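Work through these exercises on how two chains meet. Try each task before reading its solution.

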Protein chains: 2
Amino acid sequence: MKYDIVIIGGNPAGGAAAVAAKKLHKNKSVLIIRKEPQSLIPCGIPYVFGTLKNIDDNIKNIEPAKKLGIEFLIDEVLAINSENKCLTLKNNNEITFDKLIIATGSTPFSPPIKGNDLDGVYTIKKQIEYIKSIIQPLKNAENIVIVGAGFIGLEMSDELVKVCKKVTLIESMGSVLPLAFDSDMTIPVAEVLSKHGVQIRTNTMVDEILGDNGKVSGVKLKNGEVIKADKVILAIGYKPNTHLAQNSGIDIGIYGGIVSDEYLRTNKPDIFAVGDCVEHRDFFTRKQSKLMLASTAASEARIAGMNLFDLRVIRQTKGSIAIFSSSLHEISMGAAGLTEKQALDEGFDIIVGQSKGFDHHPAKLENTSVQKVKMIFSKSSGVILGAQITGGPSTGEMINILGLAIQKYMTAPELATMQYGTQPMLTAGPGDYPIVIAAMNAVAQTCHVSE
Amino acid sequence: MKYDIVIIGGNPAGGAAAVAAKKLHKNKSVLIIRKEPQSLIPCGIPYVFGTLKNIDDNIKNIEPAKKLGIEFLIDEVLAINSENKCLTLKNNNEITFDKLIIATGSTPFSPPIKGNDLDGVYTIKKQIEYIKSIIQPLKNAENIVIVGAGFIGLEMSDELVKVCKKVTLIESMGSVLPLAFDSDMTIPVAEVLSKHGVQIRTNTMVDEILGDNGKVSGVKLKNGEVIKADKVILAIGYKPNTHLAQNSGIDIGIYGGIVSDEYLRTNKPDIFAVGDCVEHRDFFTRKQSKLMLASTAASEARIAGMNLFDLRVIRQTKGSIAIFSSSLHEISMGAAGLTEKQALDEGFDIIVGQSKGFDHHPAKLENTSVQKVKMIFSKSSGVILGAQITGGPSTGEMINILGLAIQKYMTAPELATMQYGTQPMLTAGPGDYPIVIAAMNAVAQTCHVSE
């Protein structure tokens, strides 16, 4: 069989690449090959343990893609022959392609600590059967220890305390979400988690997972302390799935991801790679990064899909900004670009603008949340390098405003005088709009306009 | 008395100008002169009739401004002497200024129809005592007719049906919110209002307000039909307060607003004007516009405040984009820039990109709303001209993303490949992010990339 465009992997990156490719190349045949007939919405996985009553509610609907004319094949690709442009499959005959997009995703990283193979030690794999198999055991557990206070660790903690478990969260660094946020911004996040019963232990590492008859019984910390546990969730990151690419001579980078250029092309002609299996570059520092994020994956995948046959749609990845958001009980948070710490570590001379207000106006309206914004600017150029927000549910779209500001290299004076809309039930007030106020506070630190 | 900076008017425009001026010119004295000791948060006014239990919850807190060092004087300015740079006041001695900012706001426009002076005919004045005086009469009314289906008319309708009145909304054009939205986008908005009991009458004009012993008894439409009413609210717009400016020789524009340049300077040296009393210009067409919007007012006011003494902070108003949002019961809506109709009327050759999805992912999560996005692009340049959204409460910040995209002249391919963050509880999914999908659908209409 021959297809014009073949995508290996059907998660957000593969799916977005396929849709973009098909929309822009209507007459080309597009095939997605994936291992499972159904796949979970990856970001929705933590919610199947608490908020969502049924895991089937978190299955990605592929009907819209099929309606567009994208075909699906459930199979496993065993080898890529980049010379003949063909794929060897496990259960079907060979498939030849004109253009190939590798979107093989990532697998949880299991740290080399003693006891990581005990019964009751879980990772958050993006596989439907595996996730199904661990829901009930976790719901029945008495004491759960979650290792790693990144987004997955936090969302899992928050969901599991909703179903009344004793949950302890362990983080080696000094605060929760230490890679995306400065520690000052996550104080209210930790407070909310604690209030709802999550025991948070920062600056602490796991020395060993303890077992009893092959089953988890506890976690021993580096300081010797033992925390009782009948289940342990390891949430310390993912590693790119690159076995297939590597075996076919595709270049792999320093962090183990596939090397790709600004159009997501690999070193092999007509073979592209997108998503978690790719080694990203940071938007500002241009350094390789370990970032894995479904939305970034989807953005880059679209660039690949639009530029498969020629570079007529001039659009390249300028590097990853990493726009994160999450929501834990009554607090939401978002981050984009560099943190203050990262910017300083990288050698940027910076100015920080901050604001604190409310996400409705007047603040006496129901469901009003405190809204804090922190923005990091380059001192010399005034360009925004990063931003962090805590507040209510509007935080998710608000961080996308600042993500766009970063992409457009906007400056503090521009943001301080930007136009925006406000509405009592939906946003802060016109005089208090937090992005503008934080930017203005940054401008006031540099512009000694008059004496 | 002498102040470096004097602002006439203490609403969003005056307040934002004062704060920007003080933050950037710390050693300058700043005085706000306003008529009332307390002022309402203007956009919050509709909510004092329903959602907010107490009107005092909607009073603007001026303590943060005072803390910054801004002084307040409660008085009325009777005359501006632009030669001597001094103000004549009603109750105090003259005040001289170095820089003056006029922010005198606007007053509801009362159409010249018979019966507009009857007892029980109200407008939504931004005056605390007036608003206080009409709350109880409206709550006690049986039949309320609201004339004008702009934002104020809609929000008033929505609030008043919450306190169980029979509310009829009359609009001369063919749909609700006819200036900010294309009619196709407001179908669900009208459905929500109708569902909650608002009788909507479009394509209908009021011929006369009928009275009985000096009191409102009904509204007679142009077609002869009579609607019973014991209260009528006229919500058909506002006119700029320019009496003071006009009497001091400041130029007034074709729509009756003060003429100001890109730095909000009037024709008189050292006198600036901001907010509703100013005649705005449209961002794309450069035509004078009647726009009155607190957030636009505040943005422009900051530009004035930052550029009072010199133009060191290079930032001018590029024209008003008009970024609106509102929320009515379970639906929220936002609009920015030109509608499809306006763009066509102005002679733009356009492409429209649309998307329909959900504001959470998976959509089975609670409080999930249908989210529709419509984006209007220039066909030749690809630049975004306008956008409209209906959805859940995140619409308010989402339209600010598109407002920013307009300000940065972003194109459809740029928006189709933009980076953004997604999160199950806060946004659509990574593969379905509606701004990107709508932009991609526009790109697909123009980019015949391959056959």
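**Exercise 1. Describe the side of chain B that touches chain A.**

Solution. Start with the count. Chain B brings 82 residues to the contact, and chain A brings 82 residues. Keep in mind that the model is predicted.

Next, list the elements of chain B that give two or more residues to this side. The helices are α1 (12-24), α7 (294-306), α9 (395-407), α10 (412-416) and α11 (434-446). The strands are β20 (323-328) and β21 (331-337). α9(B) gives the most, with eleven residues.

Finally, sort by class. This side of chain B has 40 nonpolar, 30 polar and twelve charged residues.

**Exercise 2. Work out how α11(A) and α1(B) are oriented to each other.**

Solution. Take the geometry. Helix α11 of chain A, residues 434-446, packs against α1(B) at an angle of about 30°, and the axes lie 8 Å apart. Now apply the cut-off: angles under 35 degrees count as roughly parallel. The two helices are therefore roughly parallel to each other.

Then name the residues. α11(A) uses A:Met440, A:Val443 and A:Ala444. α1(B) uses B:Ala20, B:Lys23 and B:Leu24. By class, the residues of this contact are five nonpolar, no polar and one charged.

Key
Residues are numbered from 1 along each chain as its sequence is written. Chains are lettered from A and ligands numbered from 1 in the order in which they are written. This is a predicted model: local features need pLDDT of at least 70, side-chain atom pairs count only at pLDDT 80 or more; totals for chains, interfaces and linings use all residues. Two residues are in contact if their C-beta atoms, placed from the backbone, lie within 7 Å. Helices (H or I, at least four residues) and strands (E, at least two) are DSSP runs, numbered from the N terminus. Ala, Val, Leu, Ile, Met, Phe, Trp, Tyr, Cys and Pro count as nonpolar, Asp, Glu, Lys and Arg as charged, and the others, Gly among them, as polar. Axes are lines fitted to C-alpha atoms, for helices over the stretch in contact, and angles run from 0 to 180 degrees between N-to-C directions. Angles under 35 degrees count as roughly parallel, over 145 as roughly antiparallel, 65 to 115 as roughly perpendicular and the rest as oblique.
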